[in-house]
2 protein chains.
Amino acid sequence: MLEKLAEKMAGEIVLSESPGRTIRKWRETFKVSQKELAKELGVSPSTICDYEHERRESPGIKTISRIVNSIINIDRKRGGDVLKKYTIGVESDAIIQIREFPIGIPLTDFKDVLGAKNVSPCSLQRDIHGYTIVDSVKAILSLNATDYLKIYGWSTERALIFTDVRYGRSPMVAIRVHPLKPACVVLHAPKELDPLAIKIAELENIPLLVTKMNLNDLIKKLEEL
Amino acid sequence: MLEKLAEKMAGEIVLSESPGRTIRKWRETFKVSQKELAKELGVSPSTICDYEHERRESPGIKTISRIVNSIINIDRKRGGDVLKKYTIGVESDAIIQIREFPIGIPLTDFKDVLGAKNVSPCSLQRDIHGYTIVDSVKAILSLNATDYLKIYGWSTERALIFTDVRYGRSPMVAIRVHPLKPACVVLHAPKELDPLAIKIAELENIPLLVTKMNLNDLIKKLEEL
DNA sequence: GAACATCTTCGGCATTTTTTGAAAAAGTTT
DNA sequence: AAACTTTTTCAAAAAATGCCGAAGATGTTC
């Protein structure tokens, strides 16, 4: 989530008609003075001013990267007040990871990477555009209906990976009652598998995969995708 | 939507551990050769290669901006095949505009800008972080449950502005049955106002505003926010 | 309005970028 | 394996960035 904000800031600056003004906009949004920012960056305040006034027409990306990170960092040191405004609601630790793929990848490839098995009678003939890894127990405890938005990154054409699964029933029930349906559900190392979970998968026509891969390996493998 | 993709590309490149590899990732995602990209940019292919190999540690943002725009442009000239993959689902014209504010703004300010009236008994003591303008008739015809995600940009702390409104009943019913609730609903120039709409607003405790401002003016005013 | 902090402007210099073109390397097709 | 396209490497020269520090302008607070 935070990563996305940083990317948004950087992207906006780069593509802006007036990069300097955009830098300023963000600095002011975070209520950081030039002096403060300069100190964090280890440069003199006049340098910041020069950037904001576009004395350099095309600052290097390292400079932009440092500026963005410094602004965020200053806010963090202060307690992250502005940051919190962007991380909708509470920064729940129920969501372990959210990722988007640059382009759709075939679900079958995704399955193979996970070393997973399709336990539902649903076809894997489709592409997904990202995945979300959710701690199923924490999710039930901490996520309210609105927070589900977070589970879906950009599109619903994504896989939902549930970890810490008992029987796989509650994750599927949650999906059943919610209007936003993922393209695929992955249960990570369930103790047992509730037939009802499979039934729901069938009803909703959402492929249900099961993997027993170690969680860290799984995350690593996915990151390589 | 397209703007966001460009921003994402630029932001990713700037903040990447390896900007060169990220440039390459995007070039390849769009299936553009170095030569082709070089031609579009008006530089020699070796230049592109040098960037991808980070011969320059911190290229200027103008360079990045040109690269991102060129890649997208090439795809566009070809028919926008890759671009389409990013505009999740159909580029519905039901959504007229989506915007995020850098920071929350008081709902009362928002109301004043619209020259709107609060027809519900709900308090305006809250901030919103963005708004979505939706053509209510087209929305009913073309948006399915999953597409509602699009209506909500980043957060649900936003105003939903419905245009082309008859009585304001169906927009409110849609909100009633959906788990994601906006912070405020604005009806644009309804012919009449159904009491049920107000009742739902009250039940859900969502302020219901009505404005008669001309749509173009309204969009313009909002853009100035 | 004096004292203060914040911001703006700019000369100047070391360091980098930007870019080319040519030649070599790597990958594809036939 | 020849013919082809695409990618890699690199020296060199002009241009631009990155940065400082001092002096002036602008705003704020007491």
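Strand β5(A) covers residues 184–188, and five of its five residues are buried, so the strand is largely enclosed by the rest of the structure. Helices (H or I, at least four residues) and strands (E, at least two) are DSSP runs numbered from the N terminus.

The model is predicted, and local features need pLDDT of at least 70, side-chain atom pairs count only at pLDDT 80 or more, and totals for chains, interfaces and linings use all residues. Residues are numbered from 1 along each chain as its sequence is written, chains are lettered from A and ligands numbered from 1 in the order in which they are written, and side-chain values use heavy atoms, with hydrogens and water left out.

Chain A contains twelve helices and six strands. Of its 225 residues, 52% are buried. Among contacts in chain A (heavy atoms within 4.5 Å) between residues at least 6 apart in sequence, 73% join residues at least 24 apart. Glu224(A) is exposed, at 63% relative accessibility.

Strand β5(A) has parallel partners in chain A. Strand β4(A) (residues 159–163) is joined to β5(A) by four bridges, and the two run parallel; strands pair if DSSP finds at least two bridges between them. Within this pairing, Leu160(A) stands opposite Val185(A). Four bridges also join β5(A) to strand β6(A) (residues 208–211), again in parallel, and here Val185(A) stands opposite Leu208(A). The chain passes from β5(A) through helix α11(A) (residues 195–204) to β6(A) in a right-handed β-α-β crossover. A crossover is right-handed if, with the strands pointing away from the viewer, the path from the first strand over the helix to the second runs clockwise.

In chain B, strand β4 (residues 159–163) is mostly covered, with five of its five residues buried. Ala159(B), Ile161(B) and Thr163(B) point one way from β4(B), whereas Leu160(B) and Phe162(B) point the other way. Strand β3(B) (residues 127–135) pairs with β4(B) in the parallel sense over five bridges, and the bridge partner of Val134(B) is Phe162(B). Four bridges join β4(B) to β5(B), the two strands running parallel, with Ile161(B) opposite Val186(B).

Positive phi values occur in chain B at residues other than glycine. Phi of Lys31(B) is near 55°; this residue is placed in the loop between α2 (19–29) and α3 (34–41) of chain B and is exposed, with a relative accessible area of 61%. Phi of Ala189(B) is near 45°. Ala189(B) lies in the loop between β5 (184–188) and α11 (195–204) of chain B and is partly exposed, at 30% relative accessibility. Thr108(B), in helix α7 (residues 107–114) of chain B, is also partly exposed, with a relative accessible area of 29%. The C-alpha atoms of Thr108(B) and Gln125(B), 17 residues apart along the chain, are separated by 7.4 Å.

Contacts between the chains include helix packing. Two packed helices are described by the angle between their axes and the distance between the axes. Axes are lines fitted to C-alpha atoms, for helices over the stretch in contact, and angles run from 0 to 180 degrees between N-to-C directions. The axes of α1(A) (residues 2–15) and α1(B) come within 7 Å and cross at roughly 105°. These helices are therefore roughly perpendicular to each other (65 to 115 degrees, with under 35 roughly parallel, over 145 roughly antiparallel and the rest oblique). The residues in this contact divide into eight nonpolar, two polar and six charged. Ala, Val, Leu, Ile, Met, Phe, Trp, Tyr, Cys and Pro count as nonpolar, Asp, Glu, Lys and Arg as charged, and the others, Gly among them, as polar.

Helix α5(A) (residues 61–78) also packs against α1(B) (residues 2–15), their axes coming within 8 Å and crossing at roughly 95°. That angle makes α5(A) roughly perpendicular to α1(B). Ile61(A), Ile64(A), Ser65(A) and Asn69(A) contribute from α5(A), and Ile13(B), Val14(B) and Leu15(B) from α1(B). By class, this contact has five nonpolar, two polar and no charged residues.

Notes:
Buried < 20%, exposed > 50% of the residue type's maximum accessible area, 1.4 Å probe, protein only.
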